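Hi everyone, thanks for coming. Please have a look at the model on the screen, and then I'll walk you through a few places in it.

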Amino acid sequence: MTLTTTHPAGRVLGEPVDRVDGHVKTTGAAQFSGDVPFPNLAHAALVHATATRARITRVDTEAASTLPGVHAVITHHNAPRMKPPPKPSVLNLPTLAAGTSVNYLNTDEVHWNGQPVAVVVADSLDIAREAARLVHVTYDELPAVVDFGQQEPNAVPQKAGALHEGTGKKGDAVAALEVAAVAVDLRFSTPMHHHNALEPHTTTASWHGGTLTVHDGTQNIDWTRRHLAQRFGIPVRAVRVVATFVGGAFGGKTNVWAGTVLAVVAAMVTGRPVRLALSREGVYRTVGGRTPSTQRVALGADSDGQLTSLIHTSVTQVGRVGGGPEQVVSQSRHLYDAANILVRQNQLTLDTVSNAVMRAPGEAIGSFALEAAMDELAHRLALDPIELRMRNEPDRDPLGGRLFARRGLREAYARGAARFRWADRTPEPGSMRDGRWLVGMGVASAYHPAWELPANLTMRLSANGDVLVRCAFHEMGMGSATAFAQVTAHALRVPLDSVLVEYGDSDLPAGPAAGGSAQTASVSRAILDAAARLKKNLTALAHRHDLSPTEAPGTILSRAGRCHLEVVVGADRGIGRLAGQLRFMTRFLLDRRRYVKAACGAQFCEVRVDRDTGEVRVTRWLGVFDIGTVVNAKTAAGQLRGGIVMGIGAALGEETLVDRGTGRIVNANLAEYHVPVHADIPRIDIECLGAPDPTMPLGVLGAGEVGIVGVAGAIANAVHHATGLRVRDLPITLDKLR
Ligand code: MOS
C-alpha cells in the first residue's frame with residue numbers, strides 16, 4: 001500500500017501536515033488485523049471461566065461440537081502443548097507489566113473470573129460465538145481473594161526495579177507535617193479503568209509448515225514475535241507479525257494476551273487461517289485494565305505557601321498471575337520543591353486478571369490526588385492555586401537534586417493563564433454563576449517522564465530522489481507514519497512527498513514498542529543517525545565523481561551512475577541484538593542519573609455544574625504543554641487532545657465495576673462503562689511551547705501520555721470552585737455532588 005502526502009514543498013518539521021494514511025482510513029481501504037482477507041478463513045470465539053479460582057473438573061463440549069459449522073472445540077484436554085509465557089524484558093519498557101503467566105488451555109487451573117477455558121473454531125464468527133455459549137464447564141472452586149477494599153490493609157511496599165523507583169525520602173516529612181503552619185491530609189480513590197480502544201483486540205493467524213504469520217493489532221510487534229516464537233518452540237525468524245494499522249491501544253496492546261495466543265493455537269489445530277476477534281466483553285475479561293487505587297496526599301506549608309512537607313502514598317493491585325507496579329506517586333517526586341518528601345507505593349495481590357499499563361500509567365491517577373490536594377492547600381492558604389505552584393517550582397529535582405533537562409512549567413502556566421483569562425476567576429467557591437449553572441475554573445499540572453528505546457532502521461535513497469525508510473514501528477492512530485516522513489524529509493532536506501515510510505511488519509528492521517510516549521524520540525534518533533550516515537556516504541560519492549556535495553541527493557546518485565544508496569542503523573549493529581539493546585538502555589539510564597527528562601504542562605478548565613441536579617459539564621479547556629520539539633502540530637495536538645478526552649472520561653464517568661464476591665467485571669460493555677461522547681467534550685485548545693529538549697533525539701519529549709495527566713485534578717478543582725464541594729473519589733458523578 002502506498003501512502004503519500006500532498007504537503008507543499010518547503011519547511012516540514014513541526015508543520016500540521018495531513019496524515020499520510022488519512023485517505024485510506026477515511027475511505028475504508030485501510031486493513032486492520034480483522035480485515036485482511038484469507039481464503040478458507042475460520043473464526044474463533046473464547047469460552048470464559050465463570051469461576052474465580054478453581055480447578056476444572058469437567059468440560060462438556062458435546063453440544064458445541066455438534067453444532068453445524070463448528071470445526072473444533074479446544075480445551076485443556078486436547079490443546080497442543082505450549083511453553084509457558086516468557087518473562088517480560090527490561091529492554092522493552094512497556095512490557096514490564098506482564099501479560100499473564102497462565103499457559104492457556106495447558107492447565108486445568110482457573111486464576112480469575114473470565115480466564116479463557118476453551119476456544120471454539122467455526123465457519124463464521126456467529127457460529128463460533130453461539131457454540132462457545134454451549135460449552136459447559138464444571139469447577140471445583142477454591143478460595144479467592146478479590147476485594148480491593150477489604151485487602152487494602154495487606155498491601156506491601158512495591159520493590160524498585162531497573163526502570164521504576166521505590167520509596168523516596170527527603171528529610172522527615174511526617175514530623176514536618178505535624179508542625180506545618182497550614183496542612184491538609186487527604187485520602188483519594190480511583191476505580192479500575194479499561195482502555196476501550198475503538199478496535200477490540202483481533203488476531204488473524206495462519207501457519208505455513210513451520211512458519212507462522214499473525215496479523216495482530218499490537219503496539220509491540222517485536223515482543224509479540226519473540227513471545228510467540230518461545231510459546232510455540234519455533235525460531236524467531238519463523239514468526240511474522242503484521243500490524244499495519246491499529247485502532248487505538250493506550251497500553252492495552254503492549255502485552256501478548258490470551259486472544260493472540262489462542263488464535264495461533266486454533267490455526268494450528270484446524271490447519272486453517274483463523275481469526276479471533278474479541279468481543280468488547282472479551283477484551284474486559286482477558287485484557288488487563290488500569291488498577292484501582294487509594295492514595296493519601298498530605299501537604300504542609302508555611303504561611304507563605306512554601307511547602308515544608310509532601311507525603312504521597314498509594315495502594316494498587318496486581319493479579320496473582322501477572323501485572324506490574326503502577327507508578328502512582330511518580331510525578332510527586334518531581335513537581336514540587338518541598339523541604340521534606342515521602343513517597344511510597346504499596347501493592348496487593350488479587351485473584352483477578354493482571355493489571356496493565358494504561359495511558360500515563362501512574363501519573364494519570366496519581367496527579368488527580370496530588371493536584372487536588374494542592375488546590376485544597378491553596379484554598380486553605382487563601383492563595384491562588386497557580387501562585388502556590390509557582391512558589392514551589394523547583395530549580396533542580398526535589399528528590400536527589402538532578403538537573404532538569406528542560407522545564408517549561410512556569411512558562412506554560414504564564415501563557416495559559418493569559419490565554420484562558422484566569423484573572424477573571426473570582427476565588428470564592430460558588431461566586432461565579434450563569435443562570436442555574438454554577439461556574440468553576442480549575443488548574444492542574446501535567447507531567448510525564450520522557451523515554452527512549454532502541455530502534456533499528458534502514459534508509460534508502462534512489463536516483464530519482466525518492467527516499468524509503470523501513471522500520472517496524474507502530475501506527476495506532478497517532479500519526480507516526482506522517483511524523484517519521486516529516487523527520488526524514490527534515491533530516492535529508494528533501495521534499496516530503498519524496499519520502500515513503502514502511503512500518504508495522506516484523507519483516508522490517510525491529511522498531512521500539514509504541515509505549516511510554518517513547519516511539520517518536522526513539523525512531524527519530526534512528527532516522528537522524530541514518531540521514532547523517534547517508535549524507536556522509538553521499539558526500540564521499542560526490543567527491544569521488546568530482547561533483548558538488550550540495551547538489552540534490554538524487555542528482556549525485558544518477559551522475560555517479562548509482563541506482564540507490566542504503567544505510568542500516570540500529571541498536572544491534574555489529575554486535576548481537578541483546579548486547580546492542582543492553583548497551584543502548586544502559587547509556588540511556590546513565591544519562592537519566594544526570595537529568596530528569598520529562599514532558600510537562602498546565603491544564604486549564606472551566607466546568608458548569610447544574611445547581612439542582614449536580615450535572616457537570618466541561619465547557620472550556622486549554623492545555624499548554626512542553627513536549628519539546630513538535631514534529632507535526634496537527635497530530636501532536638491530536639495526541640494531547642485525546643489524552644484530555646480520556647482524562648475527562650476518568651474524571652466524570654469511567655469506572656470498571658468489580659463484583660466484590662467474585663472479582664467478576666459486571667459492566668464489561670460500552671453501555672455501562674461510560675466513556676465520553678462528542679457531546680461531553682468542549683472545544684479543546686492546545687498550545688505547545690515548542691523548544692527542543694537538549695538531551696532527547698530531535699529534542700522530542702513525547703506527547704502520547706502527558707495530555708491525560710492532571711485532567712481529573714483540574715476538573716475536581718473546578719467543581720470545587722463551582723460548588724464548594726470536594727469529591728476525592730473518582731468518578732465525579734452527580735450523586736456525589738449533593
Ligand atoms: Mo502506553 S500506557 O505505554 O501505551
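Let's start with a question: in which helix is Q639 found? Q639 is found in helix 16; helices here are DSSP runs of H or I with at least four residues, strands are runs of E with at least two, and both are numbered from the N terminus.

A quick word on the source. This is a predicted model, where local features need pLDDT of at least 70 and side-chain atom pairs count only at pLDDT 80 or more, while totals for chains, interfaces and linings use all residues. Residues are numbered from 1 along each chain as its sequence is written, and side-chain values use heavy atoms, with hydrogens and water left out.

Back to Q639. Is Q639 buried or exposed? Q639 counts as buried because its relative accessibility is 17%; buried means under 20% relative accessible area, exposed over 50%, and partly exposed in between, with a 1.4 Å probe and protein chains only. Leaving aside neighbours within four places in sequence, Q639 is in contact (heavy atoms within 4.5 Å) with R359, M478, A703 and G704.

Now for a helix pair. Helix 16 (residues 633-652) packs against helix 17 (residues 711-723) at an angle of about 50°, and their axes are 8 Å apart. The axes are lines fitted to C-alpha atoms over the stretch in contact, and angles run from 0 to 180 degrees between N-to-C directions. That makes helix 16 oblique to helix 17: under 35 degrees would be roughly parallel, over 145 roughly antiparallel, 65 to 115 roughly perpendicular, and the rest is oblique. Helix 16 brings I644, G647, I648, A651 and L652 to the contact, and helix 17 brings V711, A712 and I715.

Remember I715! In the largest nonpolar core, with 149 residues, I715 is among those with the most contacts inside it, along with L457, M459, F604, V607 and W621. Such a core is a set of buried Ala, Val, Leu, Ile, Met, Phe, Trp, Tyr and Cys residues joined through side-chain atoms within 4.5 Å. Apart from it lies another core, of 50 residues, including V119 and L278.

Finally, some backbone details. L105, which is not a glycine, has a positive phi of about 60°, and L105 is buried, with a relative accessible area of 3%. The peptide bond from L730 to P731 is cis, with omega near -10°, and P731 is found in the segment after helix 17.
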